[in-house]
Amino acid sequence: MNYTVLWKPEAERQLATIWTQCTKRNVITESAHVIDKTLGANPEEAGESREGGFRILFESPLGVIYTVSADDRRVVVVAVWSFE
């Protein structure tokens, strides 16, 4: 069963900043695609749980913080950063 993956506007801005400042944009694009696919397929098993109902997922070179609403079958990415 698939989940709908949404990115908060701030997370979209963060991703855009990472992408525009990066020399390997294709790597960022692919990482974001894999994150979307992973979270859309099985977000409650992806990554690790954190306080407050948040989860964290790393897909090099990006990391994301997200929430899962199983009732709505929605995932919301609230923050993204580059760690390389």
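The points that follow go from the sheet to the helices, then to single residues and the core.

1. Basis of the note. This is a predicted model, in which local features need pLDDT of at least 70 and side-chain atom pairs count only at pLDDT 80 or more, while totals for chains, interfaces and linings use all residues. Residues are numbered from 1 along each chain as its sequence is written, and side-chain values use heavy atoms, with hydrogens and water left out.

2. The sheet. Five strands, in the order β1-β5-β4-β3-β2, form an open sheet with mixed pairing. Strands here are DSSP runs of E of at least two residues, and helices are runs of H or I of at least four residues, both numbered from the N terminus; two strands pair if DSSP finds at least two bridges between them. The edges of the sheet are β1 (4-7) and β2 (48-49), each of which pairs on one side only.

3. The pairings in detail. β1 and β5 run parallel and are joined by 4 bridges, and Thr4 stands opposite Arg74 in β5. Between β4 and β5 the pairing is antiparallel, over 8 bridges, with Thr67 opposite Val76 in β5. The hairpin of β4 and β5 has 4 residues between the strands, and in this hairpin Arg73 takes a positive phi near 55°.

4. The loop between β2 and β3. Where is Gly52 placed? Gly52 is in the loop between β2 and β3, and with a relative accessible area of 70% Gly52 is exposed. In this note, buried means under 20% relative accessible area, exposed means over 50%, and partly exposed lies in between (1.4 Å probe, protein chains only). Gly52 and Thr67 are 15 residues apart along the chain, and their C-alpha atoms are separated by 9.2 Å.

5. Helix α1. Helix α1 (residues 9-21) lies across β1, β4 (62-69) and β5 (74-82), and runs at about 35° to β5; axes are lines fitted to C-alpha atoms, for helices over the stretch in contact, and angles run from 0 to 180 degrees between N-to-C directions. The buried residues of α1 are Ala11, Leu15 and Ile18. They cover an arc of only 60° around the axis, and therefore lie on the same side of α1; the arc is that of the directions from the helix axis to the C-beta atoms. An α-helix has 3.6 residues a turn, so residues three or four places apart point the same way. What covers these buried residues includes β1, α2 (25-41), β4 and β5, where contact means heavy atoms within 4.5 Å.

6. Helix α2. The 17 residues of α2 should span 24 Å at 1.5 Å a residue, and the end C-alpha atoms of α2 are 24 Å apart, which agrees; the expected span is 1.5 Å times one less than the number of residues. Buried in α2 are Ile28, Ser31, Ala32, Ile35, Leu39 and Gly40. Because they cover an arc of only 160° around the axis, they are on the same side of α2, whereas Asn26 and Lys37, on the other side of α2, are exposed. The buried residues of α2 pack against β1, α1, β3, β4 and β5.

7. Asn2, in the segment before β1, is exposed, with a relative accessible area of 63%. Not counting residues up to four places away in sequence, Asn2 touches Gly40, Ala41 and Arg73.

8. The core. A nonpolar core is a set of buried Ala, Val, Leu, Ile, Met, Phe, Trp, Tyr and Cys residues joined through side-chain atoms within 4.5 Å. The largest such core has 18 residues, and those with the most contacts inside it are Trp7, Leu39, Leu62, Val64, Tyr66 and Val77. Two or more residues of this core come from each of β1, α1, α2, β4 and β5, and the largest share, 4 residues, comes from α2.
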